[in-house]
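Subject: Structure handover

Dear colleague,

Please find the structure below, with its sequence. My notes on it come after.

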Amino acid sequence: KLQTKNKELETQNNTIEAHLYELEQKNMTIQAQLEDLKHKAAIDKELDMAKDIQKNILPQEPPPIRGYHMDQLFIPAKQVSGDYYDYFPFSATKIGIVVADIVGKGIPASLMMIAFKGLMHRIATPDMGPSQTLSVLSDSIFLNKILGKYVPIIYGILDIKANTFTYSNAGHEPGVLLTANGALKELNTGGFPLGMYETQFYEEEVIQIEISDRILLFTDGLTDIKSQSGNQLGIKGLKILMQAHIDTPDNLFKSTVRSQIIAYFKGVDQVDDITLVSLRRK
């Protein structure tokens, strides 16, 4: 009987030890999960800070331009973005407009975007046209170890006195001139992305802007969006979208277009940053 009792006690002790080991393992798992949550919370806090910094770096609103209405739309795929847009008021009658797409996403792309913005602000001047500006930028990026990647960009100068837009496109998504009668012209004159090769030269084009004509500059995150059925918006889809808003009042244009773009890819993950700058002659 004593031996039987000892065996029962031994079995009970083994069971208790097994339960204690199981509880210990569960506790370790819970502790690891808590550490992961703390780590994630810290990362989220840093991302929120990065988002606020980028928000203050990019223009919140386009500058007022006599005789024109300008809008901007920015929808990052993550908390921070590599898309870059900016304005350079050179004089009362001339303003530079740039849209660029830094290769990559998230924090690395946003840091490179900040570095590129500083470079752009040092180089872009009223004395240089778009093609020359891009050539100088390309040389700088080719030698820049911080940026380290090529940069697609479209850069133009609006002359509100002559009602012209002189631009150059360095391997970027082609801008669009949408005329009042619905005709579409792609703005793709230029060359390779900045920094791709040593000593690059770019062509530029001057386009005339008539009353109610609209110029659109955007990153490929806009034209590459897909609907739930897998249809890509593309240049044609963008043209149709903009044609539908030829008569939309300027004060409603941004909110209306934004809601329709978001509705287009509703139910599908946004995989790239979306930037759109719209310029319409009144």
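Predicted model: local features only at pLDDT ≥ 70, side-chain atom pairs only at ≥ 80, totals over all residues.

Residues are numbered from 1 along each chain as its sequence is written, and side-chain values use heavy atoms, with hydrogens and water left out.

Strand E4

Helices (H or I, at least four residues) and strands (E, at least two) are DSSP runs, numbered from the N terminus. Buried means under 20% relative accessible area, exposed over 50% and partly exposed in between, with a 1.4 Å probe and protein chains only. Strand E4 (residues 153–159) is largely enclosed by the rest of the structure, because 7 of its 7 residues are buried. In a regular strand the side chains alternate between the two faces of the sheet. In E4, Ile153, Tyr155, Ile157 and Asp159 point one way, and Ile154, Gly156 and Leu158 the other way.

Two strands pair if DSSP finds at least two bridges between them. E4 pairs with strand E3 (residues 94–101) in the antiparallel sense, over 7 bridges; there Ile153 is the bridge partner of Ala100. E4 also pairs with strand E5 (residues 164–170), again antiparallel and over 7 bridges, and Leu158 has Phe165 as its bridge partner in E5. E4 and E5 form a hairpin with 4 residues between them, and Asn163 in the turn has a positive phi of about 55 degrees.

Aromatic rings

Rings of Phe, Tyr and Trp (its six-membered ring) pair if their centres lie within 6.5 Å; planes under 30 degrees apart count as stacked, over 60 as edge-to-face and the rest as tilted. A search of the whole structure finds 6 such pairs. One of them, Phe88 with Tyr155, is edge-to-face, at 6.4 Å centre to centre and 85 degrees between the planes. This pair links distant parts of the chain, with Phe88 in strand E2 (residues 83–89) and Tyr155 in E4, 67 residues apart. Both Phe88 and Tyr155 are buried. Phe165 and Tyr167 form a stacked pair, at 6.4 Å centre to centre and 10 degrees between the planes; Phe165 and Tyr167 are buried too. Ring pairs also link Phe88, Phe90 and Tyr155 into a cluster.

Nonpolar cores

A nonpolar core is a set of buried Ala, Val, Leu, Ile, Met, Phe, Trp, Tyr and Cys residues joined through side-chain atoms within 4.5 Å. The largest has 45 residues, and those with the most contacts inside it are Phe116, Met120, Ile153, Phe165 and Leu194. Helix H2 (residues 106–123) gives the most to this core, with 6 residues. Another core, of 19 residues, lies apart from it and has Ile75, Leu222, Ile235 and Leu238 among its members.

The open sheet

An open sheet of 5 strands runs in the order E1-E11-E10-E6-E7, with antiparallel pairing. Its edge strands are E1 (68–75) and E7 (184–187), each pairing on one side only. Within the sheet, strand E6 (residues 175–178) and strand E10 (residues 214–218) pair in the antiparallel sense over 3 bridges, and Leu177 stands opposite Ile215 in E10.

Regards
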